[in-house]
Amino acid sequence: MSTITDAVPATQPVERRRGAIRLTRDGLTTFAFLLPMLAVFGLFAWFPILRALVMSVQETNLVSEPTFVGLDNFARVLADPQFGTAVANTAWFSLLALLFGFPVPIILAVLMSEVRRGRGLYSALAYLPVVVPPVVSVLLWRFFYDASAHGVFNTVLGWIGLGPLPWLQSSASAMPSIVVESTWANAGATVIIYLAALVSVPPELYDAADVDGASIRQKIVNVTLPHIRSVLLLTLMLQLIATAQVFTEPLLFTSGGPNNATLTVLLLIYRYAFQNSLGGDYGMAAALSLMLAAFLAVFTLGYYRLTRAWSTSS
Amino acid sequence: MTALPWRARQPRVLRPRVDADATERGIVSGSDWRQRRIRWVMRSLHIVTLLFLLIVGLGPLLWMIKSSVTPTQDTLRAPMALWPHGIDLSQLATAWSRTHIDRYLFNTVVIAFGSWAIQLIVATTAGYALSVLRPRFSGLLTGLVIATIFVPPIVLLVPLYLTVVDVPLIHLRMIDSYWAVWLPAGASAVNVILIKRFFDNLPREIFEAARVDGAGPFRLFRSIVLPMSRPILGVVSVFAVIATWKDYLWPLLVIRNPNLQPLSVRLPTLQPTTDLGVFIAALTISSLIPIALFLLFQRLFLNGGGLSGAIKG
């Protein structure tokens, strides 16, 4: 047993509040415990964040010394014709992901919350795709999206006399196809969050609504949805933040094609930094990363103001 | 050391009710349930929901498992047919040995294990220091940790890569070393905050008692705080392993040697040169461990309120 490094006067009462307890004034011990965090966060979180800011105003590659170029990187990103395409595609992806990925989990969760026996089975089924590694899901769905008449989806469509559809091979349908896979892969997590919120609605509220003679539809509209409003808004924000950073799916499905129809902002950052035949343009990549981060920060702030306004009004 | 009744006092942060459905009611009331029409509608809705989950949610995975034991030609000609020419288990064996899925799976396990260890070491020591030892700057440090949650990971991608290429101060090149994956995984603010919150809720009287009995800070950490924190350590562990398993972009960038790459990085490059049936068998093998972990620790995943609630606090 190690020795006590610091003797506390015996008269001091046992501290009951959740304040600091003075175990040791020996800063060295505390520092030893903080060291792993300071080293790891310092090197791999705090330092790179600062470095991103610095790099965005530098011309940086691994060969020559970085030079200060002001806002040149930002200007070059904005002048890049691919930039507009990537922003439009990412917005399109987010919108589609919202159209597919917002109502489906709500409906599923409401239906599942009314299941009285075996709800665990429903939840497990809904969540299962979430634990499949994204790379596996994408590669698997590439077979589903095979554009030949013998592709999986085209076979199923053939049964009802439709198709074959080109899926990933046409500029028009490539992005919706990616969104469908991404919804399949991610919706389960949202369902579980909604389900937890729905189960936490106090039963007394429904009892009161019953006394007032409310119909089932009225109960959903006037009790259930208002109660899970903040959770809905939270997942909406999380979903938008996640979809703005979509990467693995477009990279592995289409590499941004056909015709840059699925080139997203993250894919463009990746191209700037790692797929550049002239060597990585890290300055441009950092500039675009910061622009995306700033956009998401504005978004997050807006969310906080909105929830504050709501919580004070109701 | 006197026996302490801490087992009875474990904070019940991670046990929200989920199977309390027998005792509570939902939107549809008991009297609604007694109406035959509503009962009929609800039952059919449940069946439709279950069918939807089975076909849409589970269906793609079942197809993957089916095709991993179906000869390639059958899958190509009739992807939806059920074994027109019998089952071919040899594809699984071929994927395992000839395609070297065994090696890549081992790489993934090593990467996951290391990331898990680093995450636990960083999060428990930091949580202990910030919650129990409380140095003078602990508030500021906690703030700096929380701040990183609000920085989207994409901002870190390029500077983190350059850091790994040439680690500052020690000028080490970590490309093709697993440390390049393990150490950045440790910088997880969510882990530190989760564990700190949990430590905050441990009863201080026990620390006092241990101190009176002569336990120093290291002893307190090892013999009291860690054993009392098994629930939260379990949560962090499972999520650490699953997250590492799912990771693709970062190992793709920093592990260049194909013999060292994990499954997720190897699979896309293997596809063009691999027989279709064998490749789908490889996909199935790659999903087995995450799915097994999920089935084993379902409660951790599905009581999702536990995790998000703990973060929001």
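Predicted model: local features only at pLDDT ≥ 70, side-chain atom pairs only at ≥ 80, totals over all residues.
**Around I255(B)**
- Leaving aside residues up to four places away in sequence, I255(B) touches D176(B), L260(B), Q261(B) and V265(B).
- Y178(B) is 77 residues away from I255(B) along the chain, yet their C-alpha atoms are separated by 7.5 Å.

**Chain A overall**
- Of the 314 residues in chain A, 42% are buried.
- Take the contacts in chain A with a separation of 6 or more: 62% of them join residues 24 or more positions apart.

**The largest nonpolar core**
- This core has 161 residues, and I269(A) and L288(A) are the ones with the most contacts inside it.
- Helix α8 of chain A (residues 171-199) is the top contributor, giving 17 residues to the core.
- I269(A) touches L288(A) itself, along with A285(A), S289(A) and, over in chain B, I154(B); residues up to four places away in sequence aren't counted here.

**Where chains A and B meet**
- The contact draws 91 residues from chain A and 93 residues from chain B.
- On the chain B side, helix α2 (residues 36-68) gives the most, with 13 residues.
- By type, that chain B side splits into 60 nonpolar, 19 polar and 14 charged residues.

- Helix α1 of chain A (residues 27-55) packs with helix α7 of chain B (residues 153-165) at an angle of about 105 degrees, and their axes are 8 Å apart.
- That makes α1(A) and α7(B) roughly perpendicular to each other, because angles of 65 to 115 degrees count that way.
- From α1(A), the contact is made by L43(A), F44(A), F47(A), P48(A), I49(A), R51(A), A52(A) and M55(A).
- From α7(B), the partners are V155(B), L156(B), V158(B), P159(B), L160(B) and T163(B).
- Sorted by type, the residues in this α1(A)–α7(B) contact come out as twelve nonpolar, one polar and one charged.

How values were computed:
Residues numbered from 1 in each chain as written. Chains lettered and ligands numbered in written order. Buried ≥ 20, exposed ≤ 12 C-beta atoms within 10 Å, placed from the backbone. Contact = placed C-beta atoms within 7 Å. Core = buried A, V, L, I, M, F, W, Y, C linked by C-beta atoms within 7 Å. Helix = DSSP H or I, 4+ residues; strand = E, 2+ residues; numbered from the N terminus. Nonpolar A, V, L, I, M, F, W, Y, C, P; charged D, E, K, R; others polar. Axes fitted to C-alpha atoms, helices over the stretch in contact; angles between N-to-C directions. Parallel < 35°, antiparallel > 145°, perpendicular 65-115°, else oblique.
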